[in-house]
Amino acid sequence: MHRTLPVLLLALVPALGFAQSTSQPSATDAARALAQDAVIVDTHIDAPGMLTDRWMDLGSDAPGREFDYPKARAGGLDVGFMSIYTSAKQDEDGVAWQAANEMIDSVEALVQRHPDRFALLHSPGDVERLRQGARVLLPLGMENGAPIGDDLANLQFFFDRGVRYITLAHSAANRIADSSYAIDRKWNGLSPFGRQVVAEMNRLGIMVDVSHVSDEAARQAIELSTVPVIASHSAFRHFTPDFERNISDELAKAIAAKGGVVQIPFGTAFVDPQGAADTQAHFRAINDFNQRNAELRAAGKPELDRETFNREWSQAHPAPQTPIEAVLDQIDYAVQLIGIDHVGIGSDFDGVDGELADGLRTVADFPNLISGLQARGHSDADIRKILGGNLLRTWAAIEAGAR
């Protein structure tokens, strides 16, 4: 929805210590049964932006969407964090606060229309009670801290509206932190205000999310936080050298050491080495494009057309088919590196223009992931941790640390 990230075919790096499957796993009966019995938590679903662009009733089958109620129940999804995403452009234009509130309004409207199918979730302690009756629970995660502006009081405001994690920055530096995508580093990590933001998030019990931010910003946030932190949707840089958007081994270990979790996405731009390289190149090309338009504007000349730029880029960088093994390899590597207690899932459904690994196209496909993990030798108890147990434990620790 908010990122057009063209990618090319994956050259898989074998995972360590687990048997490799050579074909795409398909869900077994055992996998489907576990999907329905386990608590599945996905920390990143981009449905809200679509609801505000054009309302779709996600309580019923929504063709073309990767998240809706029937698909969620088919896949066993219990908790889906709704991403309240605002762009760097919205921040620049001063409309991020309004856009964020409109998206929260849309999630609330969805729940109000279908109280038998959805419920808002504000605390991990309410999961068992609220999911009775086959409800899908919808906590909120804010992707990009731009709506906070420069007012710490807005953290309390958004907490009261249900936001339970905040990704400090997105595709460009904001008032809080530097972005992993940006060439220039405005703050060399967190801004002075950003340090206050981390402290206030700790006080309120809002999870600090270091996906998307620069390495130095992530390092400082982890060090400053008095409670665990998360990476809500970050693959491992081990597979995608030089792609700072994915998490380094060092930072992943730091998150685990503090009791946090790294949530693995399904988008090909994150799990595919060439896709990651193209994604980084895309952001650099956009930066060059914007600079060129600024020069043309200053010279009083017509600007280049962004739609033409996007179309030509997409034509030159077609999206590939990426096997589900790419995601399974990420999970295996994470388990080997940081331990089974610190790995989860943050799909990015409805956020990557359909550019997802085969077999993981919608929230109905979680049984395929489970089947693949079972085939690689993971126990059902460990799979339950990956599916949601780890995230809920971390969230509870962060909530308990609020003061």
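Looked up the largest nonpolar core first: 97 residues, of which Phe67, Leu168 and Phe236 touch the most other members. A nonpolar core here is a set of buried Ala, Val, Leu, Ile, Met, Phe, Trp, Tyr and Cys residues joined through side-chain atoms within 4.5 Å. Buried means under 20% relative accessible area, with a 1.4 Å probe and protein chains only. Helix α14 (residues 325–338) gives this core its largest share, 8 residues. I also noted another core apart from it, with 18 residues, including Phe81, Leu137, Trp395 and Ile398.

This is a predicted model: local features need pLDDT of at least 70, side-chain atom pairs count only at pLDDT 80 or more, and totals for chains, interfaces and linings use all residues. Residues are numbered from 1 along each chain as its sequence is written, and side-chain values use heavy atoms, leaving out hydrogens and water.

Next I checked Gly49, which sits in helix α2 (residues 47–53). Helices are DSSP runs (H or I, at least four residues), numbered from the N terminus. Gly49 is buried, at a relative accessible area of 5%.

Then I turned to α9 (residues 215–224) and α10 (residues 249–257): their axes, lines fitted to C-alpha atoms over the stretch in contact, come within 10 Å and cross at roughly 15°. So α9 and α10 are roughly parallel, a label for angles under 35 degrees. Asp215, Ala218, Arg219 and Ile222 in α9 meet Glu250, Leu251, Ala254 and Ile255 in α10, contact being heavy atoms within 4.5 Å.

How values were computed
Axes fitted to C-alpha atoms, helices over the stretch in contact; angles between N-to-C directions. Helix = DSSP H or I, 4+ residues; strand = E, 2+ residues; numbered from the N terminus. Parallel < 35°, antiparallel > 145°, perpendicular 65-115°, else oblique. Buried < 20%, exposed > 50% of the residue type's maximum accessible area, 1.4 Å probe, protein only.
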